[in-house]
Amino acid sequence: MKKFSFKGLPFFFLVLLVYICLYFFYPSKIILSLEKSYHLFIRVLPIFGIVIVATAIINLFVDPKKFSKHLGKEAGIKGWIISMTAGVISHGPMYAWYPMFSELKRHGLKNGFIATFFYARAVKLPLLPLMADYFGMGFTIILTLYILIASLLQGIIIEKICPIK
């Protein structure tokens, strides 16, 4: 099992140090800032919990190897839905996905599905609660739907321009 390491610890201590230093100059503003941060955290905590649990369940039950057989030339609408959903739930740096897609492409993965996957990655599940809090639920839902529709259109366009022969 991989040992857990919190990579943000130095940044955390730097921010903590800045807050402590600023407290001596602006105590009321620091207290107000901490109170606002606390209230924001409490408001988005339940949504973060839902996102984390949903992502964990998906990662537990979805086998990436099974995706490849559903993403060939005859995949149809199921392939588009899978590539869009996989793009939304994927995380990590984009370049980490390149070798896997290169291998899947050799086994018949359509270019359109790759484009749809990468475009759908613009939807960041962990950040949706914060977006909803800042901009409202309506804006968040509509923007997310626009991104998903655009990812599908992007994939269809790529498929027409660069089909697999």
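The model on your screen is predicted.

**Stop 1: the whole chain**

Show everything as a cartoon. You will find eight helices and zero strands. Along the sequence the pattern reads α-α-α-α-α-α-α-α. The protein has 165 residues, and 25% of them count as buried. Now think about contacts with a separation of 6 or more: 74% of them join residues 24 or more positions apart.

**Stop 2: colour by confidence**

Colour the chain by pLDDT. The mean is 83, and 85% of the residues reach 70 or more. Which element has the lowest mean pLDDT, and which the highest? Select residues 64–69: this is helix 3, the lowest at 59. Then select residues 137–161: this is helix 8, the highest at 94.

**Stop 3: helix 8**

Next, show the side chains of Thr140, Thr144, Ile147, Leu148, Ser151, Gly155 and Glu159. These residues of helix 8 are buried. Look at their numbers, then recall a rule of helices. An α-helix has 3.6 residues a turn, so residues three or four places apart point the same way.

What covers the buried residues of helix 8? The cover includes helix 4 (77–89), helix 6 (111–120) and helix 7.

**Stop 4: Val123**

Select Val123. This residue sits in the loop between helix 6 and helix 7. Is Val123 buried or exposed? Its relative accessibility is 4%, so Val123 counts as buried, the cut-off being under 20%.

Now display its neighbours. Leaving aside residues up to four places away in sequence, Val123 touches Val88, Leu128, Thr144, Ile147 and Leu148. Thr144, Ile147 and Leu148 are also among the buried residues of helix 8.

**Stop 5: the salt bridge**

Side chains of opposite charge can pair when their charged atoms come close. How many salt bridges does a search of the whole structure find? It finds one. Select Asp133 and Arg43: their side chains meet at 2.6 Å, N to O. Asp133 lies in helix 7 (residues 128–135) and Arg43 in helix 2 (residues 27–61), so the pair ties together parts 90 residues apart in sequence. Asp133 is partly exposed, at 25% relative accessible area. Arg43 is exposed, at 51%.

Terms used. Residues numbered from 1 in each chain as written. Predicted model: local features only at pLDDT ≥ 70, side-chain atom pairs only at ≥ 80, totals over all residues. Heavy atoms only, no water. Salt bridge = Lys/Arg side-chain N within 4 Å of Asp/Glu carboxyl O. Helix = DSSP H or I, 4+ residues; strand = E, 2+ residues; numbered from the N terminus. Buried < 20%, exposed > 50% of the residue type's maximum accessible area, 1.4 Å probe, protein only. pLDDT = per-residue confidence, 0-100. Contact = heavy atoms within 4.5 Å.
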